[in-house]
Amino acid sequence: MIYQILTPIFLTLVIGVSIFSVGIYFPYLPKIWEYSSLITSFFSLHSVIFTLILLICSLILVSYNNSFITSTIAILSLINLIAWSIPVISLYLLAYRENISLSAIENLTLKTNRWEIEIENSIKYYSRDNQDLYLDYYPAYWSGSKNIKPLAYVHGWGFTGWHRSEEPAMIEFFRQQWYSVFDIWYSLADENTATWDIAGREIQTALNWIGTNASAYNLDIWELVVAGSSAGGTLALQAAYSW
């Protein structure tokens, strides 16, 4: 019978999803929590829809063959649906409280964040150990004011990869919000050298450069925003809170 074929398939799928469900709430499981965090970050609604489909299929399977295994599959599917729904529901509740509009359609639409973007100017802000560090300047799309809001953006990728200007979607988003963006590059780590303890100070040096040259770019330095993604987010926090 077909349910005899589908039962082990669904059991394997449900167990796999359950492992990552555990990773959401227990962030010390090696590797599992990392992948769970990535999935909840980039595929939040996709995960809810997938677990919902899995639950519906499991219930259909139970209706054809009500056994201990199929019932277990259905129960685990329900638990998985709840586990993956909680982060999404929490996000939407937070957005509602803060009066922020979220789009489910845009969340489901997979978009690339990699394309060529025209750099207005690339400036050296610091030199260390024979290495020149640069930041790229992208002016705000609206420049009707002499006091433009500046935004210092720090790229991610675990302190070991990527480069400035490799996240054009973020840069374009902030420019459309009338920020002039300074995309900052910092010293990257390798197998022999860690840079998390010096990269934060390099970001501070870049912020100093922005402040010193604020008048040349018509910036209101008191409106400065420091932002970043992943490793860049931690560097932005280091630079801001250890100022």
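Me: What's the handedness of the crossing of helix 7 and helix 8?
Reply: The crossing is right-handed. Keep in mind that this is a predicted model.

Me: At what angle do helix 7 and helix 8 pack?
Reply: At about 65°, and their axes are 8 Å apart. Helix 7 covers residues 196–212 and helix 8 covers residues 231–241.

Me: Which residues make the contact?
Reply: From helix 7, Trp-196, Ala-199, Gly-200, Ile-203, Gln-204 and Leu-207. Helix 8 gives Leu-235, Gln-238 and Ala-239.

Me: And by class, how many are nonpolar, polar or charged?
Reply: The contact of helix 7 with helix 8 has 6 nonpolar residues and 3 polar ones, with no charged residues.

Me: OK, the surface now. Which residues form the nonpolar patch there?
Reply: Val-22, Tyr-25, Phe-26, Leu-29, Trp-33, Leu-78, Ile-82 and Ile-86. Together they have about 690 Å² of accessible area.

Me: Which elements give two or more residues to that patch?
Reply: Helix 1 (2–25) and helix 4 (68–97). The largest share, 3 residues, comes from helix 4. Ile-82 is found in helix 4.

Me: Different topic. How many salt bridges does the structure hold?
Reply: It holds 1.

Me: Which side chains meet in it?
Reply: Those of Arg-175 and Glu-172, at 3.0 Å from N to O.

Me: Where do those two lie?
Reply: Both are in helix 6, residues 168–176. Arg-175 and Glu-172 are 3 residues apart, about one turn of the helix.

Conventions
Residues numbered from 1 in each chain as written. Predicted model: local features only at pLDDT ≥ 70, side-chain atom pairs only at ≥ 80, totals over all residues. Heavy atoms only, no water. Axes fitted to C-alpha atoms, helices over the stretch in contact; angles between N-to-C directions. Helix = DSSP H or I, 4+ residues; strand = E, 2+ residues; numbered from the N terminus. Left-handed = near helix turned anticlockwise from the far one by under 90°. Contact = heavy atoms within 4.5 Å. Nonpolar A, V, L, I, M, F, W, Y, C, P; charged D, E, K, R; others polar. Patch = residues over 30% accessible without salt bridge, like charges linked within 9 Å, V, L, I, M, F, W, Y side chains within 5 Å. Areas by Shrake-Rupley, 256 points an atom, 1.4 Å probe, with all protein chains shown as cover. Salt bridge = Lys/Arg side-chain N within 4 Å of Asp/Glu carboxyl O.
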